[in-house]
Amino acid sequence: MRYLSAEMTGEDVLTGRQGSLGLILLNRPRVLNSLSLDMVKAIEAALDRFEKDPEIAAVLMTGEGERGLCAGGDIRSFYESGKAGDGRAADFLRAEYRMNARIASYPKPYVVFMEGITMGGGVGVSSHGSHRIVTDTTKLAMPETGIGFFPDIGATWLLAKAPGELGTLMGLTGEAIGAADTIEACFADWFVPASALADLAEKLSILLPGTTHKDVSLLVDAAATSPPKGEFADNRALIDRCFCFDTVEEIEAALSAEANPFAEKIRSAMMVKSPTSLKVTLALLRAARKSPDLKTCLEREFAATAQILHTPDFYEGIRAAIIDKDRNPKWSPPSLDAIGPGIVEPFFRPHPQPLFG
């Protein structure tokens with residue numbers, strides 16, 4: 001959404017400034033602002049420009065349209081590149097993951113309005129930021145296990161850092177969550193009603209150059225309120241009890257043993273996902289818990305993507321969700337018990353061309 005009347009330039013990414021606020025607007029609303037390589041490059045260029053400009057106090061990231069901030073990467077292009085073997089998919093991921101690391105370490109306050117659908121790559125441009133704001137419409141998810149993939153964009157780091165086993169649930173089920181649960185899982189910091197976002201953007205635009213992160217936090221605090229109640233708080237003990245295991249089979253058994261509608265809902269959501277993706281995702285999340293930083297997790301995720309492009313479930317998942325849209329993927333192997341270490345271990349082979357030298 002455009003909250004300020006600033007002059008902006010660009011195509012799929014619009015950039016500009018109002019007062020001391022640098023503006024980045026994702027501008028592909030017809031495809032829910034899905035990211036392309038050119039968009040990632042445009043975001044990086046804007047971040048460079050705003051960082052060097054002493055008159056810019058903070059950066060604001062938003063998405064055009066009513067439906068969401070960003071639905072993720074351009075999955076259809078990724079699918080086509082994997083089929084063709086032309087290397088474009090790897091080029092996109094390399095650029096995107098480096099951008100995620102850049103956002104996480106950005107020296108100026110990076111404010112993002114996480115409106116509507118914020119999924120996959122949309123989480124990458126938001127939840128790594130310093131000032132993450134959800135609102136009435138927020139629907140956040142890492143839905144990759146449903147398309148034969150795994151949570152990437154540094155999400156294994158974010159999910160592993162979530163309190164208790166909330167991240168394990170989010171990573172395995174891919175279920176969308178609202179504002180309260182997004183904050184509960186530490187993927188966002190504040191809830192600001194949609195009706196108050198324009199006023200907040202205006203106040204951000206008159207910050208003085210040299211404004212600190214704490215100053216911006218105080219400004220957002222003044223606009224923030226309590227979000228409508230979510231599901232995580234009431235079900236936290238159950239979630240931690242059922243998702244604490246290191247195998248998907250044990251998690252499924254624990255959920256099955258609970259006489260609880262929430263447990264059954266979550267179990268049902270998880271068990272229709274790609275069995276291979278479930279096992280790879282859980283292994284990545286457990287590895288992330290032992291990792292020292294975000295870059296380590298991004299390197300591991302990037303290495304795993306080299307294997308995903310040779311995995312039938314990825315192409316079947318995209319076919320069912322995006323190409324044919326029948327929502328009926330045929331996973332191969334079709335069950336958890338058919339997936340041994342020989343299928344999971346290749347995802348952990350080092351990439352021949354690391355992300356960070």
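Guide: In this predicted model, helix 6 (residues 166-173) packs against helix 12 (residues 261-271) with the two axes 8 Å apart and an angle of about 45° between them. Helix 6 and helix 12 are therefore oblique to each other. On the helix 6 side the contact uses L169, L172 and T173, and these meet F262, I266, A269 and M270 of helix 12. Sorted by class, the residues of this contact are six nonpolar, one polar and no charged.

Helix 2 contributes S77, F78, E80 and S81 to the contact, and helix 3 contributes R88, A89, F92 and L93. By class, this contact has four nonpolar, two polar and two charged residues.

Helix 2 also takes part in covering helix 15 (residues 312-323). Nine of the twelve residues of helix 15 are buried, so helix 15 is largely enclosed by the rest of the structure. The buried residues are D313, F314, Y315, E316, G317, I318, R319, A320 and A321; charged side chains are among them, namely D313, E316 and R319. The cover over these residues includes, besides helix 2, helix 13 (275-289) and helix 14 (294-308). After helix 15 comes K325, which has a positive phi, near 60°.

Now the strands. Strand 6 (residues 110-114) has five of its five residues buried, so strand 6 is largely enclosed by the rest of the structure. In a regular strand the side chains alternate between the two faces of the sheet. In strand 6, Y110, V112 and M114 point one way, while V111 and F113 point the other way, and all are buried. Strand 6 pairs with strand 4 (residues 58-63) in the parallel sense, over three bridges, and in that pairing L60 stands opposite V111. Strand 6 also pairs with strand 8 (residues 131-134), again in the parallel sense, over four bridges. There the bridge partner of M114 is V134 in strand 8.

Another set of strands forms an open sheet of three, in the order 5-7-9, with parallel pairing. Strand 5 (68-70) and strand 9 (139-141) stand at the edges with a single partner strand each, so one side of each has no neighbour in the sheet. Direction ignored, neighbouring strands of this sheet are turned by 15° against each other on average. Strand 5 pairs with strand 7 (residues 117-119) in the parallel sense over two bridges, and I117 in strand 7 is the bridge partner of G68.

Next, the cysteines. A disulfide is a covalent bond between the sulfur atoms of two cysteines. With a cut-off of 2.5 Å between cysteine sulfur atoms, the count of disulfides in the model comes to zero. C297 is in no disulfide, and the nearest cysteine sulfur, that of C186, is 16 Å away. C297 has 0% relative accessibility and therefore counts as buried, the limit for buried being under 20%. C70 is buried as well, with a relative accessible area of 0%.

Two single residues complete the account. K52 is placed in helix 1 (residues 37-52). At 70% relative accessibility K52 counts as exposed, because the limit for exposed is over 50%. K52 lies 134 residues from C186 in sequence, and the two are 30 Å apart in space, C-alpha to C-alpha. S205 is found in the loop between helix 8 (197-204) and helix 9 (213-223). With 4% relative accessibility, S205 counts as buried. Apart from neighbours within four places in sequence, S205 is in contact with L4, Q18, G19, S20 and L21.

Terms used:
Residues are numbered from 1 along each chain as its sequence is written. This is a predicted model: local features need pLDDT of at least 70, side-chain atom pairs count only at pLDDT 80 or more; totals for chains, interfaces and linings use all residues. Side-chain values use heavy atoms; hydrogens and water are left out. Contact means heavy atoms within 4.5 Å. Buried means under 20% relative accessible area, exposed over 50%, partly exposed in between (1.4 Å probe, protein chains only). Two strands pair if DSSP finds at least two bridges between them. Axes are lines fitted to C-alpha atoms, for helices over the stretch in contact, and angles run from 0 to 180 degrees between N-to-C directions. Angles under 35 degrees count as roughly parallel, over 145 as roughly antiparallel, 65 to 115 as roughly perpendicular and the rest as oblique.
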